[in-house]
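This report looks at selected side chains and at what surrounds them. Please keep the sequence and the model in view while reading.

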Amino acid sequence: MLTGDQPPRRGLLAPLAMLNRRTAPPLLIYLVAGASGFAAIAETFWVRDSLGLSASSLLALAAWLTVPWTLKMVIGHLVDTVPILGSRRRAYVLLGTALQIGANLMLAAAAAGMTGPVPAEAAYIAASLAAVLGLVVQDSVADAMTTEVVDRTHPDGTPRPEAVVQAELGDIQVLGRVALMGGAFLVAGAGGWLAQVLPAATIFLMAAALPLPSLLAALLLRESHEAPGARDPRILWGGLGFGAAMLGLGIGQPPFAEEIGFLLTLAVILALLKVTVAEVPAATKRAMAAAGLIIFAFRAAPSPGPALQWWQIDVLGYSQAFFGTLGQLGTGLTIAGALLLGGRIVRWPLGAVFFWLAVLNAAFMLPSIGMLFGLHEWTEQVFGFGARTIGLVDAAFSAPLAQLAMIPMLTLIAMHAPEGRRATWFALMASLMNLALQAGAIASRGLNAVFVVGRGDYAQLPALVIAATLVGLALPLLAIGLFGRRLSPRTAPPG
């Protein structure tokens, strides 16, 4: 690990200098998180062919599956303050691993028709929640460790230069994104190719073995020597009360349940953030708030939902194997993009970064929109290539954007993580960012209610995709226009 007083050399692969035994445990956990998508293609086809869940129901489920991520504040606080058998790191990694393995075994049982009187749909929902919860628990530990593996002081107790610390924290976040996408890269193609020749139950059984690297991480990690933070009942009980309220909304399903849950989550997270940052300098709070709002708007961009993928299957003829190829290509290029650009992007103006990311996101939807109007048929006639070539090129250019967008914010969060409450702080900020995904899921559901697309009836799909693209472009640009000037000088857009 670098311990000098000068920032590390910023070569193209500078983040690799931070690879060592100390940084390996959180990276292994991120690797497992990336590999958790191994069964996604088999799941997509199994849900489409075997379960009676509509596109609207799946979007509603997607919104509820973000709730464990918003509860990450409670889990992070437990990781900081409540040891299990004396462990504040290892025990939680093992708990999360057990949840992941159990979830995949439950999915295998559902796909094999071995759930007894429990409907396959109910088993699917329960397994999905358990899998997400297992990932959240492990992610909370990994996030905390990424701030602990960078020393803030020299061995004699004197502080290290802030520029050096920030550079190393940025490099760790780059490696975290690379590990995450590395896990996805290892399984993306295989997940699609195997889904084409093996039954879904077998794929889910294979997925149950993928969390095993987390067990190695648990063996390698060093427990934090920082004194545990004091338990804050406002965070613990407030978060648990929030969880109970969300559970009640889920069971009772009142009108606009998802919207009520979103607003409740937002209020709770903002209140707990106010408590947590009470001692942070005002200027830092203003800059972090502006950065958070811009990134929130970027991540809240709605997607067209599952209807676009159904159209690709039914009309374009995309198979499990081709989806696997798209995933393999996309994750491979994302890894390359993070390694080559990640160490630099944390030094670029934050407003400018998200302006261009938003524009590129919208631009890379144009090939899909074009194919909805027959672009692939025209290119096939004129140039000799069709839908699959366009899909490959589109995946190659668009895949790295989402992960690159996370690196600057994660570095800012890590830089300001307070001692003794690193997991709590990271979890609260991550909860806010993940709440943006819930906002995007709600917006997607609203767009799907306006532009109704049924299985096999894709007449309104072009309007749906165009609307989602325009909203996804407008949200971050509006946020940059409103809050860009409030960013700190280090992250302010030029001019």
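## Contacts of Ser-444

Leaving aside residues up to four places away in sequence, Ser-444 touches Leu-59, Pro-302 and Ser-303. This is a predicted model, and the contacts are computed from it. Ser-444 is part of helix α21. Its relative accessibility is 2%, so Ser-444 counts as buried, since the limit for that word is under 20%.

## Salt bridges

How many salt bridges does the count come to? The count comes to 6 salt bridges. One of them joins the side chains of Arg-48 and Asp-314, with 2.4 Å from N to O. Arg-48 belongs to helix α2 (residues 40–50) and Asp-314 to helix α14 (residues 306–314), so this pair ties together parts that are 266 residues apart in sequence. Asp-314 has a relative accessible area of 38% and is therefore partly exposed. A network of salt bridges links Arg-48, Asp-49 and Asp-314.

The side chains of Arg-445 and Glu-259 also meet in a salt bridge, at 2.8 Å from N to O. Because Arg-445 lies in helix α21 (residues 422–450) and Glu-259 in helix α12 (residues 257–276), the pair ties together parts that are 186 residues apart in sequence. With 22% relative accessibility, Arg-445 counts as partly exposed. Glu-259 is partly exposed as well, with a relative accessible area of 26%. Another salt bridge is formed by the side chains of Arg-160 and Glu-168, at 2.9 Å from N to O. Are these two residues, Arg-160 and Glu-168, buried or exposed? Both Arg-160 and Glu-168 are buried.

## Helix α14

Asp-314, named above for its salt bridge with Arg-48, lies in helix α14. How many of the 9 residues of α14 are buried? The number is 7, and α14 is mostly covered. The buried residues in α14 are Pro-306, Ala-307, Leu-308, Trp-310, Trp-311, Gln-312 and Ile-313. Asp-314 itself is partly exposed.

## Aromatic pairs

The count of aromatic pairs comes to 7. In one of them, the ring centres of Trp-46 and Tyr-124 are 5.8 Å apart and the planes stand at 75 degrees, so the pair is edge-to-face. The cut-off behind that word is an angle over 60 degrees. Trp-46 is in helix α2 and Tyr-124 in helix α7 (residues 120–148), so the pair ties together parts that are 78 residues apart in sequence. Trp-46 and Tyr-124 are both buried.

Another aromatic pair, Phe-383 with Phe-385, is stacked, with 6.0 Å from centre to centre and 20 degrees between the planes. Planes under 30 degrees apart count as stacked. Ring pairs also link Trp-46, Tyr-124 and Phe-204 into a cluster.

## Charges over rings

Which ring does the charged end of Arg-177 sit over? The charged end of Arg-177 sits over the ring of Tyr-30, at 5.7 Å from the ring centre. Arg-388 lies over the face of Phe-322, and here the distance to the ring centre is 4.7 Å.

## A nonpolar patch on the surface

Which residues form the nonpolar patch on the surface? They are Trp-378, Val-382, Phe-383 and Phe-385, and together these residues have about 410 Å² of accessible area.

Val-382 lies in helix α18 (residues 375–382). Its relative accessibility is 48%, so Val-382 counts as partly exposed. Phe-385 is also partly exposed, with a relative accessible area of 31%.

## Ala-362 and its surroundings

Ala-362 has its place in helix α16 (residues 350–363). Its relative accessibility is 13%, so Ala-362 counts as buried. Not counting residues up to four places away in sequence, Ala-362 touches Thr-469 and Leu-473.

How far apart are Ala-362 and Gly-472, in sequence and in space? The two are 110 residues apart in sequence, while their C-alpha atoms are 7.2 Å apart in space.

Conventions. Residues are numbered from 1 along each chain as its sequence is written. This is a predicted model: local features need pLDDT of at least 70, side-chain atom pairs count only at pLDDT 80 or more; totals for chains, interfaces and linings use all residues. Side-chain values use heavy atoms; hydrogens and water are left out. Patches are made of residues with over 30% relative accessible area and no salt bridge: like charges are joined within 9 Å, nonpolar side chains (Val, Leu, Ile, Met, Phe, Trp, Tyr) within 5 Å. Accessible areas come from the Shrake-Rupley method with a 1.4 Å probe; for residues, only the protein chains shown count as cover. A salt bridge is a side-chain nitrogen of Lys or Arg within 4 Å of a carboxyl oxygen of Asp or Glu. Helices (H or I, at least four residues) and strands (E, at least two) are DSSP runs, numbered from the N terminus. Buried means under 20% relative accessible area, exposed over 50%, partly exposed in between (1.4 Å probe, protein chains only). Rings of Phe, Tyr and Trp (its six-membered ring) pair if their centres lie within 6.5 Å; planes under 30 degrees apart count as stacked, over 60 as edge-to-face and the rest as tilted. A charge sits over a ring if NZ of Lys or CZ of Arg is within 6 Å of the ring centre and within 35 degrees of the ring normal. Contact means heavy atoms within 4.5 Å.
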